[in-house]
Amino acid sequence: MYSPAAAISTPTLDSESPALLQSITSHGGYAFTRMATLAAAGDQRAAEAACEMAWEQLHSGPWHSVLPVWRDAYSMACLHVAKFHFSNGEFRDALRSLDLGIIMGGPLLRKDLDSAIEAVSAAKSRQYHNGIAHDNNGRENARSGLLVPPREFDKSEVLQILPIRSLSSKIVAKRSALSLEAFLCEYFLSGSPVIITDCMAHWPATTRWNDMDYLRGVAGDRTVPVEVGKNYLCSDWKQDLITFSEFLERVQSNGCTSKVPTYLAQHQLFDQINDLRKDISIPEYCYAGGGELRSLNAWFGPAGTVTPLHHDPHHNILAQVVGKKYVRLYSASCSEELYPYSETMLCNSSQVDLDNIDEVEFPKVRDLEFIDCILEEGEMLYIPPKWWHYVRSMTTSFSVSFWWSSDSGSSMVG
């Protein structure tokens, strides 16, 4: 039994529990309320039962149809379960419960979840430094060294795995240490893509994120959502929840020939793991247009991971921290020729598979003009709103995307 100096503090849970349980009851959650009440009184099995009940509600239908109160209920149950694990000195289990509460739960108890993670991480660190337990993040034989070793690329070799006509047309413009004023006048206002170099050398991430030991040390025991399969448009695609250490092992073992890659895609990793957030800075370009940052997402996976042709509603800076990516861009004016899906959920995605174009079904694509590039480590790519883009990792790759809106009305330019 672990005896911490102070137990996990949950002030929001303590104050909001009565109102939350009443709301849950009003939506038919009588059994959950009973188990949550017993959990608060010290019954660990009741806490686990409440967690399972809320989990079932989260998976009772499409995510958008889940009642918000059940997301908050799940966070509540995760906090109760984490408290028991913490008091037993089961720090990895406590972290997993808290991470699940962040990933799947609602916003009501987020501050409690974040402060609990800090408390558990600190206790886990003390335990390790005091020699009570040997902490290897569960990986006795985990690989160390560089995530992406230096390697020269042969263009002819690269072209064999890229879509047809790649790197044969117009290349995205590249500017070194572009000033904010020049970015605004020459690219932002006209809605034109540009690669910006020499602008992120001051980020600690540029060296730390290529170090397997560092990544495992700051995030190894944390649970993250990953995509398994070629991409979200394929029938074999699924989602999974695994520890970051397990994810790193999958990335290292996948290699270029894996038929079932694992991809940490479009996840707000930096809201979840603060140590990684400290390794990056928001580029000043994201303040162009007087808008606000909408989303900060991680894209991390092995060579061969593909984001199919699609467009996004916001301005986007894609910062390439580790590895290389191929990016192809089509102007927003090409939308009709790119055959977007008619379904509402996929209307920003193209039916065209650039890796295997069906020219009979999609004849307009063949001669459509595009620009493309190999995005190198330390480079940022500005993608204007509504510009279609296809992305393929050429190596193991760790990127960050910064989405921001504009108050100037230029968010629809391009």
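**Strand pairs, pockets and cysteines in a predicted model**

Me: Which residue stands opposite Val 228 in β6?
Reply: The model considered here is a predicted one. Two bridges join β4 to β6, and these strands run antiparallel. In β6, the residue that stands opposite Val 228 is Thr 262.

Me: In which sense do β4 and β5 pair, and over how many bridges?
Reply: Glu 227 stands opposite Gln 239, a residue of β5. The sense in which β4 and β5 pair is antiparallel, and the number of bridges is six.

Me: How many of the six residues of β4 are buried?
Reply: A residue is called buried if its relative accessible area is under 20%. Strand β4 is largely enclosed by the rest of the structure, because the number of its six residues that are buried is five.

Me: Which residues are the closest to the centre of the largest pocket?
Reply: The space in the largest pocket comes to about 1500 Å³. Its lining consists of 41 residues, and the closest to the centre are Glu 227, Trp 237, Gln 239, Ala 265 and Gln 266.

Me: Which helices and strands each supply at least two residues of the lining of the largest pocket?
Reply: The lining of this pocket divides into 20 nonpolar, 14 polar and seven charged residues. At least two lining residues come from each of these elements: α3 (44-58), α5 (91-104), β4 (223-228), β5 (238-243), β6 (262-267), α12 (269-272) and β8 (306-310).

Me: What is the volume of the largest cavity?
Reply: The structure holds two cavities of 30 Å³ or more. The largest of them is lined by 14 residues, and Trp 299, Asn 316, Leu 318, His 389 and Val 391 are the closest to its centre. By class, this lining has six nonpolar, six polar and two charged residues. The volume of the largest cavity is about 140 Å³.

Me: How many charged residues are in the lining of the second largest cavity?
Reply: The second largest cavity has a volume of about 50 Å³. It is lined by Ile 164, Arg 165, Arg 328, Tyr 330, Leu 354, Ile 357, Glu 359, Val 365 and Arg 366. Sorted by class, this lining has five nonpolar residues and no polar ones, while the number of charged residues is four.

Me: Which residue caps the N-terminal end of α10?
Reply: Helix α10 spans residues 212-219, and its buried residues are Met 212, Tyr 214, Leu 215, Arg 216 and Ala 219. At the N-terminal end, a side-chain oxygen lies 2.9 Å from the backbone nitrogen of Asp 213, and the residue that supplies this oxygen as the cap is Asp 211.

Me: How many disulfides does the count come to?
Reply: A disulfide is a covalent bond between the sulfur atoms of two cysteines. Cys 347, partly exposed at 41% relative accessibility, has its sulfur 18 Å from the closest cysteine sulfur, in Cys 334, which is too far for a bond. With the cut-off of 2.5 Å, the count of disulfides comes to zero.

Definitions and conventions
Residues are numbered from 1 along each chain as its sequence is written. This is a predicted model: local features need pLDDT of at least 70, side-chain atom pairs count only at pLDDT 80 or more; totals for chains, interfaces and linings use all residues. Side-chain values use heavy atoms; hydrogens and water are left out. On a 1 Å grid over the protein atoms alone, a cavity is a set of points where a 1.4 Å probe fits but cannot get out, and a pocket is an open set with protein on both sides within 12 Å along at least five of seven lines; lining residues have an atom within 4 Å of a point. Grid points are joined across faces, edges and corners, and a volume is the space filled by probe spheres set on the points. Helices (H or I, at least four residues) and strands (E, at least two) are DSSP runs, numbered from the N terminus. Ala, Val, Leu, Ile, Met, Phe, Trp, Tyr, Cys and Pro count as nonpolar, Asp, Glu, Lys and Arg as charged, and the others, Gly among them, as polar. Buried means under 20% relative accessible area, exposed over 50%, partly exposed in between (1.4 Å probe, protein chains only). A polar contact is a pair of N or O atoms within 3.5 Å; within protein, one must be able to donate a hydrogen and the other to accept it, and residues adjacent in sequence count only if both atoms are side-chain atoms. Two strands pair if DSSP finds at least two bridges between them.
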